[in-house]
Number of protein chains: 2
Amino acid sequence: MSKEIGITVKKAEDLSEWYTQVIIKGELADYSSMKGFMVLRPYGFAIWERIRQYLDGRLKETGHSNAYFPLLIPESFLKKETEHFAGFTPEVFWVTQAGTRELSERFAIRPTSETIIYDSYSRWVRSWRDLPILINVWNSVLRAEITATRPFIRTSEFLWQEGHTVHATKEDADKEVMLILEIYRQLMEEQLAVPVLTGYKSEREKFVGALYTTTLEAMMPDGKAIQMGTSHNLGQNFAISFDIKYLGKDEETHHAWTASWGVSWRLIAAMVLLHGDDKGLVLPPAIAPIQAVIVPIYYKETDAASVTDKARQVAELLTKDEIQIYLDFREQYTPGWKFNEWELKGVPLRIEIGPRDVERHQITIVRRDNSQRLTVNDEMTLGEVRKHLEDIQAKLFGRAKATLDASISESNQYEDFKRILEERGGFIRACWCSSTECEDAIKADTGATIRTIPLTAETPRFSCIKCGKPDSKAVYFAKSY
Amino acid sequence: MSKEIGITVKKAEDLSEWYTQVIIKGELADYSSMKGFMVLRPYGFAIWERIRQYLDGRLKETGHSNAYFPLLIPESFLKKETEHFAGFTPEVFWVTQAGTRELSERFAIRPTSETIIYDSYSRWVRSWRDLPILINVWNSVLRAEITATRPFIRTSEFLWQEGHTVHATKEDADKEVMLILEIYRQLMEEQLAVPVLTGYKSEREKFVGALYTTTLEAMMPDGKAIQMGTSHNLGQNFAISFDIKYLGKDEETHHAWTASWGVSWRLIAAMVLLHGDDKGLVLPPAIAPIQAVIVPIYYKETDAASVTDKARQVAELLTKDEIQIYLDFREQYTPGWKFNEWELKGVPLRIEIGPRDVERHQITIVRRDNSQRLTVNDEMTLGEVRKHLEDIQAKLFGRAKATLDASISESNQYEDFKRILEERGGFIRACWCSSTECEDAIKADTGATIRTIPLTAETPRFSCIKCGKPDSKAVYFAKSY
């Protein structure tokens, strides 16, 4: 692999350029001629499919079903929930013509689907017997980005899932919000190996139209937080606007309660930023589309048959145990070129098989996370591969968790708070009086926002970092993506 | 189930109304307030997921990968291939505004993605080493329907997959087109139990911009054909317009060859129309999201425990063998109500378990396709369930195949040809001189079009059904959806 094909900057020196090179050269995504839009290439899509497969399974286990709703939403629907409309219209793409006809009403390309889905729900919900409705949609949504875009982090179209549920009571909606928050946490921590802080958003930062929003926030190597997913209790706001009512067991009519929740391909950005190194991607085995690549190595044609036979046997053995294998028999590339390519693409394990390995009844394993090189006897192959995949998964999470923990400062003094943000970033645990005025002032002064308010109030309680008011609560501030 | 919940018309008496009721009351889909758009409800989506799972597996086995490309396409891209542009613009939804900004160029919501995908391919293809590119996309596309819309058959947005491949030579592109045609045929005949005629489209009917189009056509109970899927060799037309070139092993630069192919949720329409009966849907077991529903039946509380225990055991036994089971423990509905609901929804087998079944170590099985009712000893449960699922699949296909074969007439005389179309429809095998004039005249006279031209020319050869020219070939005419 030539210098231009590999990553040409160090992660520690220029994170932004490093990130772009990893995404583009690692063939996860590409720029599109549609400014602000990106193409998700097969390797990136395979990662998204692994995420989808896991999450879809968890959602089905917990009673959710998938469905599909129209891409276009009449402007009048968006307007039904006033705050929601005000929040989204600045970034909506509007359809005004069909063929050669001018439309009498503009249609929005969905920036999120609450309004078009609730229009259906208002017809589907009649009685308590119809509740809960637990529907999820895998689709793409569009929000016109006028500032600079970055692959997976900020693009005018993104793939995500949006869950939209209807419940009889506030308690049922609360439970749903927390169930999803926990499933998301497990996806992030156990699959992507990305540790998160969970909590509530402030009134200022919550989803437009929600009663409250819960969030999961990860910390990136440059000291900035990234929002990984959100789960909202929408109260009865939308149910009232869209007339979603049910006849209760009490024979009375009630407005329902709704919840919505989503994660997007942004998850991939966080995973890349957190685990990658100067050679490129480092994928957690649980989410890697290829968990081990097998590279046969021989320079004499007389060795070809025995080496490729053994490579095939190893592939078969591991595939049977549901390990995701790629057998790299491509003849147009040298083994060295392949090593570089698979390191750039973050494959957790490389298995090398040469004539000496055949002779000695062994294989050679190289770990992507720490470059460790091991010789493994044939009969130990499956056990060792499994063990190292599990160990890489655990090590990546452990390292990321230590980094997250180390990134958290505590501050009780505004000058100190500003200095920390300036010098190292990370999360700052500080107290806040719950006023939007202080929140806005802090953002104006420092660029930091309240990332999360812990689900269970944390002690000790200081006075507000900004105004000094004593009756305040501990929250986590950070700058963010 | 009350009369209004069940299907209120007979299939043979009013197919169109019957179809709408099955789709809506069977909860496969619902109308949307967005005129011309439909909502795919969870039960319909689960059917689509079974189709997707099968086809996606077959595509991956044969070397294809999934990816995602932007929803919006600049007007200038669509215009690059002149015929393509002329073919699609009358039905394109145009985005002209983003937020409050007027856009300087209109964006089309993809009616199909050739142009936006080829823009990327022109950057990805450099050398023969980069070929073939075998990419598939699962997405939705929009084509504004101004005439009457029908769920799954004609809607302004539909879910589909579109495959877009790039090859070094015409032969490679031909092979791809035929490989996909065969995978589609297997999906339709072996999974959906819908027999098809395969063949080429005429110049008039081919995909706009293609070298040639191959198609799969099924026959519906009203004597009209339905196009189930198409696979196109696009020649070098698009490669030239989009500058997709590669450096060959011969060190020369060549334009590539491209192919594209797709099937949509229309597959569901054909399956419903073909197999359904007066009680509602009849789903082929291979594609049914629920293959067997288990309904516990008891009227005395003292029987509850033994009946539900047995129901759970049967569910566990069958689930272990990967049979898709729904255990219907809902307490708000009577067994009779449940029977009607699952018949309406087309579940292939119903398993009834009552106190007498517990006592006698047996279960009762009822087949959806022929209402046959059987008593099965406990130790035979798995074998009998498997056997009947396979038998239903085979019987549905066999019956449909016989109907298709019986629908094919042969005609050598234009008055006779018109009379057949008038009286019974179906496919008519007739000879045609290959002129667009005769094709257009036949369509104007009868409403019938050439549905397929057999892949291998068929004998005997008559003279053209319209003009009488002797040098003509056998083709299949029909009216169509």
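Tutor: In this predicted model, B:Phe93, a residue of β5(B), stands opposite A:Ala98.

Student: How do you know that β5 of chain A, residues 93-98, and β5(B) pair?

Tutor: Two strands pair if at least two bridges are found between them; five bridges join β5(A) to β5(B), and the strands run antiparallel, so they count as paired.

Student: Which element gives the most to the side of chain B that touches chain A?

Tutor: There, 43 residues of chain B are in contact with 43 residues of chain A, and β5(B) gives the most to that side of chain B, with six residues. By class, that side of chain B has 25 nonpolar, eleven polar and seven charged residues.

Student: Why is strand β11 of chain A, residues 225-233, called largely enclosed by the rest of the structure?

Tutor: A residue is buried if 20 or more other C-beta atoms lie within 10 Å of its own; nine of the nine residues of β11(A) are buried, so the strand is described as largely enclosed.

Student: What makes β10(A) and β14(A) partners of β11(A)?

Tutor: The requirement is again at least two bridges, and eight join β10(A), residues 212-219, to β11(A), while four join β11(A) to β14(A), residues 257-264; both pairings are antiparallel. A:Met219 has A:Ala225 as its bridge partner in β11(A), and A:Thr230 has A:Gly262 as its bridge partner in β14(A). In the hairpin of β10(A) and β11(A), with five residues between the strands, A:Gly223 takes a positive phi near 85°.

Key: Residues numbered from 1 in each chain as written. Chains lettered and ligands numbered in written order. Predicted model: local features only at pLDDT ≥ 70, side-chain atom pairs only at ≥ 80, totals over all residues. Contact = placed C-beta atoms within 7 Å. Helix = DSSP H or I, 4+ residues; strand = E, 2+ residues; numbered from the N terminus. Nonpolar A, V, L, I, M, F, W, Y, C, P; charged D, E, K, R; others polar. Buried ≥ 20, exposed ≤ 12 C-beta atoms within 10 Å, placed from the backbone.
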